[in-house]
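Trainee: I would like to learn how to read a model like this one. Can we go through it feature by feature?

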Amino acid sequence: MQPEQATSAKKKEAIEHVRKLKGFYQHLITYLIVIAGLLIANLILTPEYLWSLWAALGWGIGIASHAVRTFKPFTLFGPEWEKKQVEKRLKKKP
């Protein structure tokens, strides 16, 4: 790969990551605004039962999933794992 192509590929990867970050933060802000609105409505209309917590929990799971896809805090079967598995297999062969 030419140096220009490598730089271009890295630039595209960086742009894609920034777009994913932007999408996550937009999702998070929307979540916070809507859940706050639901909580206010809940407290005004039926303060004896906090049904808005169910919406917060359900959508919160979606937010957590989006965060994991965006920030990738861990990868179970990523490139590092693949490399270790290949090396392990090659060592077993005579």
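Trainee: Which residues make up the largest nonpolar core?

Mentor: First, the ground rules. This is a predicted model, where local features need pLDDT of at least 70, side-chain atom pairs count only at pLDDT 80 or more, and totals for chains, interfaces and linings use all residues. Residues are numbered from 1 along each chain as its sequence is written, and side-chain values use heavy atoms, with hydrogens and water left out.

Mentor: Now the general idea. In soluble globular proteins, nonpolar side chains tend to be buried together. A nonpolar core is a set of buried Ala, Val, Leu, Ile, Met, Phe, Trp, Tyr and Cys residues joined through side-chain atoms within 4.5 Å. Buried means under 20% relative accessible area, exposed over 50%, and partly exposed in between (1.4 Å probe, protein chains only). Here the largest core has 6 residues: Phe 24, Tyr 31, Ile 35, Ala 56, Ile 63 and Ala 67.

Trainee: Which helices each supply at least two residues of this core?

Mentor: H1 and helix H2 (52–71) do. Helices are DSSP runs (H or I, at least four residues), numbered from the N terminus.

Trainee: What is Ala 67 in contact with, leaving aside its neighbours within four places in sequence?

Mentor: Contact means heavy atoms within 4.5 Å. On that basis, Ala 67 touches Phe 24 and Lys 72.

Trainee: How many aromatic pairs does a search of the whole structure find?

Mentor: A pair of aromatic rings is described by the distance of the centres and the angle of the planes. Rings of Phe, Tyr and Trp (its six-membered ring) pair if their centres lie within 6.5 Å; planes under 30 degrees apart are stacked, over 60 edge-to-face, and the rest tilted. The search finds 4 pairs. One of them joins Phe 24 and Tyr 25, edge-to-face, at 5.3 Å centre to centre and 65° between the planes.

Trainee: Is Phe 24 buried or exposed?

Mentor: Phe 24 is buried, because its relative accessibility is 6%. Tyr 25 is partly exposed at 43%. Tyr 25 also pairs edge-to-face with Phe 71, at 6.3 Å and 65°. Tyr 25 lies in helix H1 and Phe 71 in helix H2, so this pair ties together parts 46 residues apart in sequence. Phe 71 is partly exposed, at 40%. Ring pairs link Phe 24, Tyr 25 and Phe 71 into a cluster.

Trainee: What is the count of buried residues in H3?

Mentor: The count is 0 among its 14 residues, so H3 is hardly covered.
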